Amino acid sequence: MAESDGTIVLVGGGAAASAAAIELRKQDFEGRVTVLTRELDPPYHRPAVSKELLGPGAAEADIWWPPRDWWADHDVDLRTRASVTSLDVGARTVALADRSALSFDAALLATGANVRRLNLPGSGLAGIHYLRAPGNAHKLRAETQRARRAVLVGGSFIAAEVAAQLTVAGVEATMVMPERAPMQTTFGTAVADHIAALLVENGVRLVCGEQVAEFSGTGGVEEVRTDAGTVLPADLVVVGVGATPDTRLAAKAGLELGATGGIACDATLRTSAEGVFAAGDVCEYFSEVHGRRLRVEHHEHAVAQGVTAARGLMGAPEPHREVPYFWTELADWALLEYVGPAGEWDTERITGSLSDGEFTVWYERAGSVVAALTRGRPDDLDRARELIAG
Ligand SMILES: Cc1cc2nc3c(=O)[nH]c(=O)nc-3n(C[C@H](O)[C@H](O)[C@H](O)COP(=O)(O)OP(=O)(O)OC[C@H]3O[C@@H](n4cnc5c(N)ncnc54)[C@H](O)[C@@H]3O)c2cc1C
């Protein structure tokens, strides 16, 4: 495709699709750009769903990204409530649920991920929440006004963020997880223990080494029971047990999928079909920086991949060489930032002090830095990026 014309279709209304649209116009792509999202809302900042939208300033929070008038101002055809039901990679067309169809010269699949749902006794009871979109946060916040006790299922960053927000809102929050401490799988034991101590200090209760086995209640959830027999009274429950990449469209179109469950892409984010790219949570790509295949579920990574994919969509593909970055905020108690991902590491070297709350953990494998996590030392992130990329 010529670099300045043609028709590009972006499937998805998240960070990756938005970043691709912005980059296309920034690069003076003059062709037609259509964004198809099945969401009710125009694209927004998804991380706000477990942060600003649960906090005291929720009503005034500006979550739109890009700003709502950006689309029309840049002649991008944004269609909400537009669910793509199939993709024909040979004919280069997409079909929508409303029975319309669109042809394209190049397409991006940025279909993201869906929350993993629990299938346990009582998991259909009212008062059990999952967080992905603003509507989920509004509903949870409304129930929070009447709740005294909440149970957070999972040791993930989302469960920890929500536990912090609920505690600030005056709700007694208890996290239940199989790990010994929150975020242990990603950050290792030292950081996980630090986060556990921070949460407990601020009033969050932790039940570690146990899994939720059952919910019970009449009408709505009233109790959570773990596999170890612990019973926790709960007026509401929030589940944060991960997400699964949404590859339904890609699989139906016969695109190759990768070992991580995402859409298999090369280093330039091109899928197994000519002219079709993927980006964001759904994309498994070969990272030249890491020398292995990666799939990353983080906001800034989705944005960076949208930018890279835009080059490919315009017919000038380039390898995606960004080192993935991620942050998590526990109310205003702590901001943790991470570059990596480590995958595996054999050594954790700490500079600064965990007990003072200002530190960087350098994750090393065979003497080389493969990731770093910092609280309060953001300059270390640039150094870590250089070391990882080098
Ligand atoms: C509550 C929450 C908090 C988070 N906080 C952080 C954080 O603090 N830091 C961080 O780094 N990351 C955070 N993340 C992760 C981050 O938001 C994601 O990595 C990022 O949103 C991925 O962007 P994406 O564009 O790949 O996918 P998504 O944002 O999931 O967007 C995918 C879009 O595709 C649409 N779609 C899917 N299939 C179709 C179809 N067939 N037709 C039309 N549309 C379709 C979906 O409706 C959706 O709009 C958080 C995630 C959640 C849920």
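Good morning. I begin with E297, which is partly exposed, with a relative accessible area of 28%; buried means under 20% relative accessible area, exposed over 50%, and partly exposed in between (1.4 Å probe, protein chains only). Please note that this is a predicted model, in which local features need pLDDT of at least 70 and side-chain atom pairs count only at pLDDT 80 or more, while totals for chains, interfaces and linings use all residues. Residues are numbered from 1 along each chain as its sequence is written, and side-chain values use heavy atoms, with hydrogens and water left out.

E297 forms a salt bridge with R295, and their closest N and O atoms are 2.9 Å apart. The term denotes a side-chain nitrogen of Lys or Arg within 4 Å of a carboxyl oxygen of Asp or Glu, and the count by this rule is 18 salt bridges. Another joins D246 to R38, at 2.8 Å from N to O. That pair links distant parts of the chain, 208 residues apart: D246 lies in the loop between strand 17 (243-245) and helix 6 (248-252), and R38 in the loop between strand 2 (32-36) and helix 2 (70-73). Helices (H or I, at least four residues) and strands (E, at least two) are DSSP runs, numbered from the N terminus. D246 counts as buried at 5% relative accessibility, whereas R38 is partly exposed at 45%.

I turn now to the cysteines. How many disulfides does a search of the whole structure find? The search finds zero, a disulfide being a pair of cysteine sulfur atoms within 2.5 Å.

Finally, the aromatic residues. Rings of Phe, Tyr and Trp (its six-membered ring) pair if their centres lie within 6.5 Å; planes under 30 degrees apart count as stacked, over 60 as edge-to-face and the rest as tilted. The count by this rule is seven aromatic pairs. W70 and W71 form an edge-to-face pair, 5.1 Å centre to centre with 90° between the planes, and both are buried. Y338 and Y363 have ring centres 6.2 Å apart and planes at 70°, so this pair is also edge-to-face. Y338 belongs to strand 23 (residues 334-339) and Y363 to strand 25 (residues 358-365).
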